[in-house]
Amino acid sequence: MTYKFRRQVPLCGYIVDFVCFEKKVVVELDGSQHAEPDHRAADRVRDETLKDAEFCVLRFWNRQIHESLDAICRQIYAVCAQR
């Protein structure tokens, strides 16, 4: 089965990197700035807002995408299949 994701979508007052509305899955790709304390706190608030709207939020570091793309795709697919 395939799942349709849209890119850069307004959702719950934020712009999410990718979203599958059918399965309510959000995928965020984070650069190094997301490791900074202020940004991490903002990300937690953002994730909770999306979770309150019944979305599952998956976060991956940009470097993971370059190093483990197949594994990340399998993880995203598995989460979608479960929902």
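Q: Before we start, what does pLDDT have to be for local features here?
A: This is a predicted model, in which local features need pLDDT of at least 70 and side-chain atom pairs count only at pLDDT 80 or more, while totals for chains, interfaces and linings use all residues. Residues are numbered from 1 along each chain as its sequence is written, and side-chain values use heavy atoms, with hydrogens and water left out.

Q: Ok, which residues make up the largest nonpolar core?
A: The largest nonpolar core has 11 residues, namely Tyr3, Cys20, Val25, Val27, Cys56, Leu58, Phe60, Ile72, Ile76, Val79 and Cys80. A nonpolar core is a set of buried Ala, Val, Leu, Ile, Met, Phe, Trp, Tyr and Cys residues joined through side-chain atoms within 4.5 Å, where buried means under 20% relative accessible area, exposed over 50% and partly exposed in between (1.4 Å probe, protein chains only).

Q: And which elements give two or more residues to this core?
A: Those are strand S3 (25-30), strand S4 (56-61) and helix H2 (62-82), and H2 gives the most, with 4 residues. Helices (H or I, at least four residues) and strands (E, at least two) are DSSP runs, numbered from the N terminus.

Q: What does Ile76 touch, then?
A: Not counting residues up to four places away in sequence, Ile76 touches Phe5, Val27, Leu58 and Phe60, with contact taken as heavy atoms within 4.5 Å.

Q: Switching to helix H1, what should its 16 residues span?
A: At 1.5 Å a residue, the 16 residues of H1 (residues 37-52) should span 22 Å, and the end C-alpha atoms are 23 Å apart, which agrees; the expected span is 1.5 Å times one less than the number of residues.

Q: Which residues of H1 are buried?
A: The buried residues of H1 are Asp43, Arg46, Asp47 and Leu50. They cover an arc of only 100° around the axis, which puts them on the same side of H1, the arc being that of the directions from the helix axis to the C-beta atoms. These buried residues pack against strand S1 (6-11), strand S2 (14-20), S3 and S4, whereas the face of H1 turned away from its buried side carries the exposed residues Pro37, Asp38, Val45 and Asp52.

Q: What is Asp47 in contact with?
A: Leaving aside neighbours within four places in sequence, Asp47 is in contact with Val57 and Arg59, and Asp47 is buried, with a relative accessible area of 14%.

Q: New topic: where does Arg83 lie?
A: Arg83 lies in the segment after H2 and is partly exposed, with a relative accessible area of 40%. Not counting residues up to four places away in sequence, Arg83 touches Lys23, Lys24, Val25, Glu54, Phe55 and Cys56.
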